Amino acid sequence: TSLLENEKLSKNGVAEVKKILKEISSLFLNEKAQQNFELALNLKKTDPAQSLQKLLEAQTSEPDNFKIIAEISKQKISKKECKSTIPTLETSIAINPWDEGLSLAMAQAYFCEGEAEKASLLISKNIETKRKNTKKEWLQIDFLNRLKNKDLVKSKELLKELKERDPSNPQ
């Protein structure tokens, strides 16, 4: 059980804790770390190796910044270094189970490692996200997971929704 369940906080108390965790877990306390993070995002497509290096530099200054952790994980997953991301993501999610960026990276890492059940659990918890900027990513991982599990009916539905959501990029 989580700390919040043990404390039996009111709904408002839980909402307040979520808000505070969201703010402090992605806040940059060190200007150099923030510069490295932003540079890494800019380098991601043109120089992925340098991008990851800048993220690792940022993480040395701010090891508990979940924005940095999620981005490092995404970049490692894109390089198929999925297994190495799982322990850090699990630890981070245990601290802040509401961070959608961490949950998305965790679902992607599980899928990449062939842990379909774990990926499905995270997907089902988060697929109804209200955040517009990650909805497409959740739909994509759900589509891939269902396709891998041969759920063709739901896969077709998800593919249709993805095409409608982004007609200019029907990958």
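The chain has 10 helices and 0 strands, where helices (H or I, at least four residues) and strands (E, at least two) are DSSP runs numbered from the N terminus. This is a predicted model, in which local features need pLDDT of at least 70 and side-chain atom pairs count only at pLDDT 80 or more, while totals for chains, interfaces and linings use all residues. Residues are numbered from 1 along each chain as its sequence is written, and side-chain values use heavy atoms, with hydrogens and water left out.

Of the 171 residues in the chain, 37% are buried, that is, under 20% relative accessible area with a 1.4 Å probe and protein chains only, whereas exposed means over 50%.

Helix 3 (residues 31–43) and helix 5 (residues 66–78) pack at an angle of about 30 degrees, their axes lying 11 Å apart. That angle makes helix 3 roughly parallel to helix 5, a term that covers angles under 35 degrees.

| Helix | Residues in the contact |
|---|---|
| Helix 3 | Phe37, Ala40 and Leu41 |
| Helix 5 | Lys67, Ile68, Glu71 and Gln75 |

By class, the residues of this contact of helix 3 with helix 5 divide into 4 nonpolar, 1 polar and 2 charged.

In helix 8 (residues 116–126), Ala116, Ala119, Leu122, Ile123 and Asn126 are buried.

Conventions:
Axes are lines fitted to C-alpha atoms, for helices over the stretch in contact, and angles run from 0 to 180 degrees between N-to-C directions. Angles under 35 degrees count as roughly parallel, over 145 as roughly antiparallel, 65 to 115 as roughly perpendicular and the rest as oblique. Contact means heavy atoms within 4.5 Å. Ala, Val, Leu, Ile, Met, Phe, Trp, Tyr, Cys and Pro count as nonpolar, Asp, Glu, Lys and Arg as charged, and the others, Gly among them, as polar.
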